[in-house]
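Reader: I'd like a close look at the inside of this one. Please take me through what is packed there, and then show me what lies around it.

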Amino acid sequence: MWIVAINSWKWESGTMKNCSFVHQLKNDSYGLHERIERGITVCDKEGKILQMNDKSQKTNHGDLVGQNVLDCHPEPARTKLVQLMEEHATNAYTIEKNGVKKLIYQTPWYENGEFMGLVEFSLEIPFEMPHYIRKPKME
């Protein structure tokens, strides 16, 4: 089982930079990969799916590792994924399906400064939720 070690990411301009992305964790003593309701799918720069966690597999009807992410999406989503890979861009939106609202966050991942592909995070979110504007502390 694997989970992504968030503390290894370096965020710049909304994308992950210079990180070793997927980490094998042999001792997940908290069982976070099972308890946190989020799907994570990782593909390479050609669109080949490299990793899917359990939630992603359940949502996408099975283990699609080795398949091309472009073959798993109808238009216009397919064209959007091609654009994200070509431009190394980020895409974020919400969806509702089967009575569940989700935040979908698709973003490039890099290793040693080189574009390696895309990662998609799918998080179940409440239909109604507050939005806060945080003001920077004045020093």
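Author: Happy to! What you see is a predicted model, in which local features need pLDDT of at least 70 and side-chain atom pairs pLDDT 80 or more, while totals for chains, interfaces and linings use all residues. Numbering starts from 1 along each chain as its sequence is written, and side-chain values use heavy atoms, leaving out hydrogens and water.

The chain holds 3 helices and 9 strands (DSSP runs numbered from the N terminus: H or I of at least four residues for helices, E of at least two for strands). Their order along the sequence is β-β-β-β-α-β-β-α-α-β-β-β. Of the 139 residues, 33% are buried. Taking the contacts (heavy atoms within 4.5 Å) with a separation of 6 or more, 42% join residues 24 or more positions apart.

Now to the part you asked about. In general, nonpolar side chains in soluble globular proteins tend to be buried together. A nonpolar core here is a set of buried Ala, Val, Leu, Ile, Met, Phe, Trp, Tyr and Cys residues joined through side-chain atoms within 4.5 Å. The largest one in this chain has 12 residues: Cys43, Ile49, Met52, Leu64, Val69, Leu70, Leu81, Leu84, Met85, Tyr110, Phe115 and Leu118. Two or more of these come from each of strand 6 (49-52), helix 3 (77-87) and strand 9 (114-125). Helix 3 is the top contributor, giving 3 residues.

Leu84, a member of this core, touches Ala89, Thr90, Asn91, Gln106 and Leu118, once residues up to four places away in sequence are set aside. Another core of 5 residues lies apart from the largest one, and Ile40, Val42, Trp109 and Phe121 are among its members.

The loop between strand 8 (100-111) and strand 9 contains Asn112. Asn112 is not a glycine, but its phi is positive, at about 55 degrees. With a relative accessible area of 75%, Asn112 is exposed.

Further along, strand 9 includes Ser122, which is buried at 12% relative accessible area. Beyond its neighbours within four places in sequence, Ser122 contacts Glu37, Arg38, Gly39, Lys102, Leu103 and Ile104.

Finally, look at the loop between helix 2 (54-59) and helix 3, where Pro76 lies. The peptide bond from Glu75 to Pro76 is cis, with omega near 0 degrees. His61 is found in the loop between these two helices as well. The phi of His61 is near 60 degrees, a positive value in a residue other than glycine, and His61 is exposed at 74% relative accessibility.

Notes. Buried means under 20% relative accessible area, exposed over 50%, partly exposed in between (1.4 Å probe, protein chains only).
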